[in-house]
Amino acid sequence: MTLALIGLGKMGRALATKLAQGSRQQRGVRVLGYDADPAARGEAALGGVETVEELGDALSPLEAPRTVWLMVPAPRVEEVIAACLPHLSPGDLLVDGGNSYFRDSQRRAPNLTARGVQFVDIGVSGGPGGGAVGFSLMVGGDAAAVSRIEPLLGILASPEGAFGHVGPSGAGHFVKMVHNGIEYGMMEALAEGVDVLRHGPYQDLDLAEVARVWKSGSVIRSYLVDLLVEILRTEDLEAVVGRAEATGEGEWTVKTAEEIGLDVPAIAAAVARRDESQRRELFVAKILSLLRNRFGGHQVQRKSSP
């Protein structure tokens with residue numbers, strides 16, 4: 001199988017590298033990576049990914065039935081699909097592995113099916129560093145379409161990750177959206193907890209040591225707590241700007257919950273907290289920003305030296 005992977009940003013590059021490495025071990029899979037940014041192509045090439053300079057150069061070598069995997073930001077998915085369609089034929093498969101809104105995926109699936117092109121939506125979790133342990137892949141789409149890419153999913157999930165066909169078109173992105181909403185709430189709770197510790201009656205608490213104890217055997221032990229330990233040990237929190245960015249999935253989770261008549265106050269509060277940090281700096285936002293950087297490679301704003 002020759003696969004075209006379009007979009008070599010942090011996550012796209014991580015997936016392309018994982019697939020390229022897996023193909024060398026298992027053979028039978030060739031990955032052609034494309035990104036409009038030459039720097040992104042260069043970074044991917046350093047990781048062993050075969051890259052091309054034009055979109056058409058990634059699509060034209062593919063033999064029917066073709067498989068094209070998109071890893072582009074949600075606002076760009078529509079235009080990239082439109083650019084790919086002239087190169088696609090009935091029987092081909094288009095995968096959207098980015099963080100698209102699930103209702104957009106529900107809409108895109110029948111539009112593509114009408115042209116004979118199969119569509120699979122995949123929520124990918126694990127961050128750019130997830131390749132080492134394996135990604136978590138939440139897959140939506142027709143069973144026959146999903147079965148076509150199971151060898152790729154197996155490579156991406158190995159050795160300790162997982163993949164699952166969670167439902168029809170849109171379900172993969174829906175499950176990933178809710179996953180990210182939960183992530184918002186968990187991160188906010190950890191950041192608030194650290195804030196309470198630092199303002200509590202025990203001013204000499206070693207916050208990194210407390211987090212280290214939490215990560216080992218406690219009910220709240222988790223990957224996020226592991227990252228929190230690293231942050232509290234190594235980061236100068238005074239030098240970090242107290243603003244935390246949001247990418248939309250938390251807000252989508254709250255919106256969807258409202259549409260189906262559910263209250264999600266923890267997630268809603270976490271989303272509101274990030275919005276508040278855009279208006280005034282918050283200590284909790286420093287922790288949120290640093291956590292996002294550790295698992296997702298997102299930029300951290302730091303204060304300039306005096």
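**Note on the fold and helix packing**

1. Thr-67 counts as buried, because its relative accessibility is 3% (buried: under 20% relative accessible area; exposed: over 50%; partly exposed: in between; 1.4 Å probe, protein chains only). Thr-67 belongs to strand E4, residues 67-70 (strands are DSSP runs E of at least two residues, helices H or I of at least four, numbered from the N terminus). Outside the four places on either side in sequence, Thr-67 is in contact with Met-1, Thr-2, Leu-3, Ala-4, Leu-62, Leu-93, Arg-148 and Ile-149 (contact: heavy atoms within 4.5 Å).

2. The model is predicted: local features need pLDDT of at least 70, side-chain atom pairs count only at pLDDT 80 or more, and totals for chains, interfaces and linings use all residues. Residues are numbered from 1 along each chain as its sequence is written, and side-chain values use heavy atoms, with hydrogens and water left out.

3. The protein has 13 helices and 8 strands. Its radius of gyration is 21 Å, close to the 19 Å from the globule rule for 306 residues, so the protein is as compact as a globular protein of that length (radius over C-alpha atoms; rule: 2.2 Å times the number of residues to the power 0.38). The C-alpha trace spans about 65 × 45 × 40 Å along its principal axes. Of the 306 residues, 49% count as buried. Among contacts with a separation of 6 or more, 72% join residues 24 or more positions apart.

4. Helix H10 (residues 223-234) and helix H13 (residues 283-296) have axes that come within 10 Å and cross at roughly 110 degrees (axes are lines fitted to C-alpha atoms, for helices over the stretch in contact; angles run from 0 to 180 degrees between N-to-C directions). H10 and H13 are therefore roughly perpendicular to each other (65 to 115 degrees; under 35 is roughly parallel, over 145 roughly antiparallel, the rest oblique). On the H10 side the contact is made by Tyr-223, Leu-224, Leu-227, Leu-228, Glu-230, Ile-231, Leu-232 and Thr-234, and on the H13 side by Ile-287, Leu-290, Leu-291, Arg-294 and Phe-295. These residues divide into 10 nonpolar, 1 polar and 2 charged (nonpolar: Ala, Val, Leu, Ile, Met, Phe, Trp, Tyr, Cys and Pro; charged: Asp, Glu, Lys and Arg; polar: the others, Gly among them).

5. H13 also packs against helix H8 (residues 171-199), where the axes come within 9 Å and cross at roughly 130 degrees. H8 and H13 are therefore oblique to each other. H8 contributes Glu-183, Met-187, Glu-188, Ala-191, Glu-192, Val-194, Asp-195 and Arg-198, and H13 contributes Phe-283, Val-284, Ile-287, Leu-288, Leu-291, Arg-292 and Phe-295. By class there are 9 nonpolar, no polar and 6 charged residues in the contact of H8 with H13.

6. Helix H11 (residues 249-259) packs against H12 at an angle of about 140 degrees, with the axes 9 Å apart. H11 and H12 are therefore oblique to each other. The residues in contact are Gly-250, Glu-251, Thr-253 and Val-254 of H11, with Ile-267, Ala-268 and Val-271 of H12. The contact of H11 with H12 has 4 nonpolar, 2 polar and 1 charged residues.

7. Ala-270 lies in H12, residues 265-279. Ala-270 counts as buried because its relative accessibility is 2%. Leaving aside neighbours within four places in sequence, Ala-270 is in contact with Tyr-184, Gly-185 and Glu-188. The C-alpha atoms of Ala-270 and Gly-141, 129 residues apart along the chain, are separated by 30 Å.
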